[in-house]
Amino acid sequence: MMIDHSISWQALQAHVQEDFSLQKLFQQDPQRFSRFSVQDCGLLLDYSKNRITEKTMELLVALAKEAGVDQGISDMFGGKRINTTENRAVLHTALRAYPEDVFMMDGCDVVQGVHRVLDHMEDFTHKVRSGLWTGFTGKKICDVVNIGIGGSDLGPKMVTEALSFYQDKNIRFHFVSNIDATHIVRILEQVQAETTLFIIASKTFTTQETLTNAHTARHWFLAQGASQGDIAKHFVALSTNEQAVRDFGIDPDNMFAFWDWVGGRYSLWSAIGLSIALSIGMDNFRELLSGARDMDLHFKSTPLDKNIPVILALLGVWYRNFWGFASHAVLPYDQYLEYFPRYLQQADMESNGKAVTKDGQEVSYATGPILWGEPGTNGQHAFYQLLHQGTTIVPCDFLVAATPLHNVGDHHQVLLANFLAQTEALMCGRTLAEVQQELACLPAQEANALAIHKVFPGNRPSNSIIYDRLTPRTLGSLIAMYEHKIFVQGLIWQINSYDQMGVELGKKLATTLLNELQTGKIGAHDSSTTGLVRYLLDRPEASH
Ligand code: F6P
């Protein structure tokens, strides 16, 4: 049965017709904040500024139950092959397990293998950071270049930036992902071959962008006077594909392994996090894992109505399916989280951008929203105009640290005040009567003409997520919170959140088109594609 035929879905459809004026709801219930907020894992989630009542939450929890969320959670943690199209288990939670924890997969505990790789990472990280690991001229490594794309780039890059406060300042970190040569060229201009470590990060080790960039890096490295034998000191691989790593010329001793039950966009906790470990040290990396484990335990053991990822997921479903809001903004009031929305875009949109249920039926309801965002306060001077007065309603998550990492003047108080002001303004808005009162000092005609432009409709929903300080542990919890939110939404929408078939077609067509651009022989296409290829080929500088 499609979930939109369930009793709770139908009840929610009727319920959404009720009055959800937030200002009224706050006036009616002085306990609204405590009723709709929850604290755990060092986080406070205030979800009271949402278009909900107790009945809404009851119905949404009933929906989660009807969708089998409890069973889904135990299937995931139990190592069942819930990624059905790829016939794989989904066990990124095992990557943050303590040695005494047990994660069974096909009758075997995977935790020991996880810790073997962590120990390998620890040994390597110690050598590089301490200077025991040297480049081909005997000098210490001072630049690390991670070459990867998608999950093999966005997670490590986001966390390395987010935790740069804890970073070894003697090593610089660079991330190359784009096939556009500009990306790698500009980074190679900044580094010296003798002191640079290249990390080739690719789960499959077949990704066109990553392998092309890796070959360019190796070619550049050898052109700087290094020999083939020096490659072992400067190139390491993070992958599940040992043969392809060998074929590339990297010694398997310099390969950090992981497993097919780790999805690319859930892989920063695995060997894919090597750049993070090199940046913040292994103790901090383990703290990051512990923070995620804290959230895993919360998620696994907390009743649905108090469960942070479940609440966030249900609110997302409420807006997407019952209000028709198509996008969701993540707005960190934390400059360190600059890349967090971009990272979440892949986590969320590659996971839940699906239109077919697990058992192969086209869905008759909306699934994953468009996720986007930028740090505050920058966003306030860019797109918040639309959030406040535009015709599209965008539910927002605001994230902020209670305690700053840099206590400079009154910066943090101002930042906090802005965060609070935005959530309040979105919720309360400003009525015509309030505006008219404010404009009373102007001539009547002028005031009347202006007033309507200054009205804010309000009633725009947001979540506020406050963490104490941005530590590795807090960040681990925050990321895991969103991972589990995405998982719960996938369960409700009955889709497979763990494959990514939607990226295949473009890759296949690009292979054909590359051949056409290189040979000048154009195949059968629509007139637009043919016209574009011909335009590119007919240019005097075309070199096919
Ligand atoms: O974009 C598709 C994708 O498969 C992502 O899911 C993945 O994170 C990325 O490509 C990179 O894949 P790999 O780590 O195998 O190079």
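This is a predicted model: local features need pLDDT of at least 70, side-chain atom pairs count only at pLDDT 80 or more; totals for chains, interfaces and linings use all residues.

A residue counts as buried when its relative accessible area is under 20%, and as exposed when that area is over 50%.

Ile495 can be taken as the opening case. Ile495 sits in the loop that runs between helix 20 (472-493) and helix 21 (504-519). Its relative accessibility is 4%, so Ile495 counts as buried. The C-alpha atom of Ile495 lies 7.3 Å from that of Asn352, although 143 residues separate the two in sequence.

The loop between strand 9 (255-257) and helix 12 (274-280) holds Arg265. Arg265 is buried because its relative accessibility is 4%, which is under the 20% limit. Arg265 and Gly155 are 110 residues apart along the chain, and their C-alpha atoms are separated by 7.4 Å.

Leu91 belongs to the loop between helix 5 (69-77) and strand 3 (104-105). With a relative accessible area of 0%, Leu91 is therefore buried. From the C-alpha atom of Leu91 to that of Lys354 the separation is 21 Å, and the two residues are 263 apart along the chain.

Backbone geometry is the next topic. Cys41 is not a glycine, yet its phi is positive, at about 50°. Cys41 is placed in the loop between strand 1 (37-40) and strand 2 (43-46). Because its relative accessibility is 15%, Cys41 counts as buried. Phe205, which is not a glycine either, has a positive phi of about 60°. The loop between strand 7 (196-201) and helix 9 (208-223) contains Phe205. A relative accessibility of 3% is the reason why Phe205 counts as buried.

Another backbone feature involves a peptide bond. The bond that joins Gly376 and Thr377 is cis, with omega of about 10°. Thr377 is part of the loop between strand 11 (370-372) and helix 16 (384-389).

The ligand remains to be described. Which residues around the ligand come nearest? Of the 14 residues around it, these are Ser152, Ser202, Thr204, Thr207 and Glu350. The shell around the ligand divides into 2 nonpolar, 9 polar and 3 charged residues.

A polar side-chain atom of Ser202 is 2.6 Å from a ligand oxygen atom. In the case of Lys203, a polar backbone atom is 2.7 Å from an oxygen atom of the ligand. Gln346 contributes a polar side-chain atom that lies 3.2 Å from an oxygen atom of the ligand. The space that the ligand takes is the largest pocket.

Methods: Residues are numbered from 1 along each chain as its sequence is written. Side-chain values use heavy atoms; hydrogens and water are left out. A residue is near a molecule or strand if one of its heavy atoms lies within 4 Å of it. A polar contact is a pair of N or O atoms within 3.5 Å; within protein, one must be able to donate a hydrogen and the other to accept it, and residues adjacent in sequence count only if both atoms are side-chain atoms. On a 1 Å grid over the protein atoms alone, a cavity is a set of points where a 1.4 Å probe fits but cannot get out, and a pocket is an open set with protein on both sides within 12 Å along at least five of seven lines; lining residues have an atom within 4 Å of a point. A molecule sits in a cavity or pocket if more than half of its atoms lie within 2 Å of its grid points. Ala, Val, Leu, Ile, Met, Phe, Trp, Tyr, Cys and Pro count as nonpolar, Asp, Glu, Lys and Arg as charged, and the others, Gly among them, as polar. Helices (H or I, at least four residues) and strands (E, at least two) are DSSP runs, numbered from the N terminus. Buried means under 20% relative accessible area, exposed over 50%, partly exposed in between (1.4 Å probe, protein chains only).
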